[in-house]
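Good morning, and thank you for joining.

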Amino acid sequence: MFLFYVKNLFFCPLSSNFASMKLHVFNPEHDIALAANLSQFTAPHAGRELRADLGHIPALWAEKGDMVLVDDVPAALSSIRHLHTFAADVCFISPDDLRHMLNQLGKSPFDEISVWGWDKAIVRQLERCGIKDMLPSKSQLELIREMSSRQWASAHLLNKLVELNPQFVGNAHYVTSMDELHTSDFSFERVLKAPWSSSGRGVRYDLSEEHRKRNDSWARNIISRQGGIMVEPYYNKVIDFGMEFEANENGQVVYRGLSVFKTTNGAYIGSVIASENAKRKILGRYLAESIIDEVKDAICRLTSELFKNAYQGPFGVDMMIVAEDGILKLHPCVELNLRRTMGHVALAILSDDLQPQRLMRVSYTDKYRLQIINTNENVINNSLI
């Protein structure tokens, strides 16, 4: 082992055996970058601030000795102290430090790069840091972007899932013009969604004639920039949840766990930290647990075929339980997130049946903070869900 000095006045212990070391990067602007589809991409201020303030959170799922790329090392060290119980002993490193290290060593001291999500912008940022290998090719990036669209998820995942069980519900239409949007026979109250967008920002509720008039200019802009727009029925939602998975290099898809979370107008608010057994019991109040297992197994089977030689890494499928004609049904694919998710983050924080349920949330006052809140209440039963 040797010590690599970085200018932020601390030492990073680097093993002489680099085989198991990863470089982690939190790039929460990923979904917006996919929509822009540019290498030279500047995220909105809120996205840059979120990345700067929460760049340390890969320490929650990293392994001891891994590296985490952050904008400000001292700030990351200060922030992680509040989460030290859950975090691994990692090495925080700035872009300048990374460039210096690569020049000094003449090679990368890691064999894998784990980002929040792959897009053209994060590849260009890593290239500017001096990384020349372990990055997806242009064709791989194009395929990841295509598979990340709501249109792709609807055609390749949702449509196949709803055929499996009469208790599964969900459909989505892709239209490419305003004429098609206006003249198509959509008799339902509907939701309009951009094919690529960040959480909650690319969604408009089209529930009345007034809504439709107001949403027209937005829809026209989305069609112009992204080629089309998704039109879906508006469902009477009972509860949001998701399932988290990981696609391995051998093409196998592994189920990682349930995610129970709170959203407002499609935007993420917080995740419940509880054991898998506790979360299954929560959902079991609405659906038979056999239904949960059926959709889990089906997603593993379908994505193992779809992702082979196309995508490797974490991903999540957002779902919801809805009431339709007085019957509770499962929408098995509201959204496919072909990246790490906050559900994965929550799963990285260990919990078992003997521990009280907790809430993981992102709050903002003067900066963004990831908070893990202990509560004496069962947070799943109160207004948080």
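Let me begin with terms: on a 1 Å grid over the protein atoms alone, a cavity is a set of points where a 1.4 Å probe fits but cannot get out, and its lining residues have an atom within 4 Å of a point. Grid points are joined across faces, edges and corners, and a volume is the space filled by probe spheres set on the points. This is a predicted model, in which local features need pLDDT of at least 70, side-chain atom pairs count only at pLDDT 80 or more, and totals for chains, interfaces and linings use all residues. Residues are numbered from 1 along each chain as its sequence is written, and side-chain values use heavy atoms, leaving out hydrogens and water.

Searching the whole structure gives three cavities of 30 Å³ or more. Of its 13 lining residues, Asp31, Ser148, Ser197, Leu336 and Asn337 lie nearest the centre.

Why does Ser148 count as buried? Because its relative accessibility is 13%, and buried means under 20% relative accessible area (1.4 Å probe, protein chains only). Leaving aside residues up to four places away in sequence, Ser148 touches Leu34, Pro195, Trp196, Leu336 and Leu338, where contact means heavy atoms within 4.5 Å.

The second largest cavity holds about 70 Å³ of space. Its lining includes Arg150, Met230, Glu232 and Leu336.

Terms used: On a 1 Å grid over the protein atoms alone, a cavity is a set of points where a 1.4 Å probe fits but cannot get out, and a pocket is an open set with protein on both sides within 12 Å along at least five of seven lines; lining residues have an atom within 4 Å of a point. Buried means under 20% relative accessible area, exposed over 50%, partly exposed in between (1.4 Å probe, protein chains only).
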